[in-house]
Amino acid sequence: MQCDNISQNFENSDEVITLELPVSFQTDDKSTVNYQCDVCAYSSRFYGNLKRHYLIHTGQRPYACNFCGKSFNQKVTLTTHIRLHTGERPYSCEKCPLRFYNRASLVRHLYKHAK
């Protein structure tokens, strides 16, 4: 696999996930260290966020659905996707019997009750 944004070839997904990330440090007004992406303008105070961000540039999607094979670059996205297959709806409305597979859908639904 070739990433268009960084000039490096990846033979398999294991290489990509253990890729040593180029990191620049910058200090903002609050004197906290930020991890800066060397490919784009993204930065974060947390190294883990930058590491997850790099998956965008490499195109790697290490989390695959066992039901349909669709893959994702974040585990939480896979977890939510699997609920579509299993029918699990862990988020319930306190004002009516409806249940939802993700929190965002519940929050959007709650606006209907607020009208």
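Reply: Start with the record. UniProt, in an unreviewed entry, places the feature "domain: C2H2-type" at residues 35–62, 63–90 and 91–115. The model itself is predicted.

Me: What do residues 63–90 and residues 91–115 consist of in this model?

Reply: Residues 63–90 are 43% helix and 14% strand, with the end C-alpha atoms 21 Å apart. For residues 91–115 the figures are 48% helix and 16% strand, and the end C-alpha atoms lie 21 Å apart.

Me: What about Cys-93 and Cys-96; how far apart are their sulfur atoms?

Reply: The sulfur of Cys-93 is 3.7 Å from that of Cys-96, its closest cysteine sulfur, and this is too far for a bond. By the 2.5 Å rule, the count of disulfides comes to 0.

Me: Why is Cys-93 called buried and Cys-68 partly exposed?

Reply: Buried means under 20% relative accessible area, exposed means over 50%, and partly exposed is in between. Cys-93 has 7%, so Cys-93 is buried. Cys-68 has 45%, so Cys-68 is partly exposed.

Me: How many aromatic pairs are there, and what makes the pair of Tyr-35 and Tyr-47 edge-to-face?

Reply: The count comes to 1 aromatic pair. The ring centres of Tyr-35 and Tyr-47 are 5.5 Å apart and the planes are at 70°. Ring centres must lie within 6.5 Å to pair, and planes over 60 degrees apart count as edge-to-face.

Me: Why is Ser-44 called buried, and what does Ser-44 touch?

Reply: Its relative accessibility is 8%, and the cut-off for buried is under 20%, so Ser-44 counts as buried. Ser-44 lies in strand β3 (residues 43–44). Not counting residues up to four places away in sequence, Ser-44 touches Asn-34, Tyr-35 and Asn-49. The side chain of Ser-44 also reaches the backbone nitrogen of Phe-46, at 3.1 Å. The limit for a polar contact is 3.5 Å.

Me: Is Gln-60 buried or exposed, and where is Gln-60 found?

Reply: Gln-60 is found in the loop between α2 and β4 (63–64). At 3% relative accessibility Gln-60 counts as buried, because buried means under 20%. Gln-60 and Phe-72 are 12 residues apart in sequence, and their C-alpha atoms are 8.2 Å apart.

Me: Why is Arg-99 called partly exposed, and which residues does Arg-99 touch?

Reply: A value of 40% falls between the 20% and 50% cut-offs, so Arg-99 is partly exposed. Arg-99 is in strand β7 (residues 99–100). Leaving out residues up to four places away in sequence, Arg-99 touches Arg-89, Pro-90, Tyr-91 and Ser-92. With Arg-89, the side chain of Arg-99 reaches the backbone oxygen at 2.9 Å. Arg-99 and Glu-88 are 11 residues apart in sequence and 9.0 Å apart, C-alpha to C-alpha.

Notes: Residues are numbered from 1 along each chain as its sequence is written. This is a predicted model: local features need pLDDT of at least 70, side-chain atom pairs count only at pLDDT 80 or more; totals for chains, interfaces and linings use all residues. Side-chain values use heavy atoms; hydrogens and water are left out. Buried means under 20% relative accessible area, exposed over 50%, partly exposed in between (1.4 Å probe, protein chains only). Rings of Phe, Tyr and Trp (its six-membered ring) pair if their centres lie within 6.5 Å; planes under 30 degrees apart count as stacked, over 60 as edge-to-face and the rest as tilted. Helices (H or I, at least four residues) and strands (E, at least two) are DSSP runs, numbered from the N terminus. UniProt positions are given in the numbering used here, feature names are shortened, and annotations may be inferred rather than shown by experiment. Contact means heavy atoms within 4.5 Å. A polar contact is a pair of N or O atoms within 3.5 Å; within protein, one must be able to donate a hydrogen and the other to accept it, and residues adjacent in sequence count only if both atoms are side-chain atoms.
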